[in-house]
Amino acid sequence: SVIINEASFSQPWPKLELTFSNINGRIIASRQFKPSEYLGGALAGSEEMPAGKPVRLSMEIVDPGQGAVNYQLKFL
């Protein structure tokens, strides 16, 4: 995934929450990620998200199973 800070200023990296749900909308798996868990490369360890620049995210996830037909990514 790629995110962009559309503000005109740098701001702290958010926590991310990835949730998987079944066909009925029932949550079957969920996990929160700290910036240290989704940032790599030159941005690893940085404190703030730069303004106006695309940032590639990398998250390790465990297969939530065949029932997971929807997902949602929230910024916390």
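The model is a predicted one, in which local features need pLDDT of at least 70, side-chain atom pairs count only at pLDDT 80 or more, and totals for chains, interfaces and linings use all residues. Residues are numbered from 1 along each chain as its sequence is written, and side-chain values use heavy atoms, with hydrogens and water left out.

Serine 30 belongs to strand E4, where strands (E, at least two residues) and helices (H or I, at least four) are DSSP runs numbered from the N terminus. Setting aside residues up to four places away in sequence, serine 30 touches Glu17, Leu18 and Thr19; a contact here means heavy atoms within 4.5 Å. Between the C-alpha atoms of serine 30 and leucine 18, which are twelve residues apart along the chain, the separation is 5.6 Å.

The side chains of serine 30 and threonine 19 are joined by a polar contact of 3.4 Å. Such a contact is a pair of N or O atoms within 3.5 Å; within protein, one must be able to donate a hydrogen and the other to accept it, and residues adjacent in sequence count only if both atoms are side-chain atoms. Threonine 19 is located in strand E3, residues 16–21, and its 10% relative accessibility places it among buried residues. Beyond four places in sequence, threonine 19 touches Ile27, Ala29, Ser30, Asn70, Tyr71 and Gln72.

## Further residues in the strands

Serine 21 also lies in strand E3 and is buried, at 13% relative accessibility. With neighbours within four places in sequence left aside, the contacts of serine 21 are Arg26, Ile27, Ile28, Gly67, Ala68, Val69 and Asn70.

Phenylalanine 33 is placed in strand E4, which covers residues 27–33. How accessible is phenylalanine 33? Its relative accessibility is 1%, so it counts as buried. Residues up to four places away in sequence not being counted, phenylalanine 33 touches Lys15, Leu16, Leu18, Tyr38, Met59, Glu60 and Ile61. Phenylalanine 33 and valine 2 are 31 residues apart in sequence, with a C-alpha to C-alpha distance of 15 Å.

Lysine 74 is part of strand E7, residues 70–75, and is partly exposed at 36% relative accessibility. Apart from neighbours within four places in sequence, lysine 74 is in contact with Lys15, Leu16 and Glu17. Lysine 74 and lysine 15 are 59 residues apart along the chain, while their C-alpha atoms are separated by 8.4 Å.

How many salt bridges does a search of the whole structure find? The search finds one, a salt bridge being a side-chain nitrogen of Lys or Arg within 4 Å of a carboxyl oxygen of Asp or Glu. The side chains that meet in it are those of glutamate 37 and arginine 31, with an N to O distance of 3.1 Å. Glutamate 37 is partly exposed at 33% relative accessibility, and arginine 31 is partly exposed with a relative accessible area of 36%.

Valine 62 sits in the loop between strand E6 (54–56) and E7. Its relative accessibility of 71% means that valine 62 counts as exposed.

## The chain as a whole

The chain contains one helix and seven strands, and their order along the sequence is β-β-β-β-α-β-β-β. Its C-alpha trace spans about 40 × 20 × 15 Å along the principal axes. Among contacts between residues at least 6 apart in sequence, 70% join residues at least 24 apart.

Of the 76 residues in the chain, 24% are buried. The chain exposes about 5,500 Å², of which carbon and sulfur atoms supply 49%; accessible areas come from the Shrake-Rupley method with a 1.4 Å probe, and for residues only the protein chains shown count as cover.

The chain has 7 positive and 7 negative charges, whose mean positions are 3 Å apart. Lys and Arg count as positive and Asp and Glu as negative, while His and the chain ends are not counted. Each charge is placed at NZ of Lys, CZ of Arg, CG of Asp or CD of Glu.

Key: Buried < 20%, exposed > 50% of the residue type's maximum accessible area, 1.4 Å probe, protein only.
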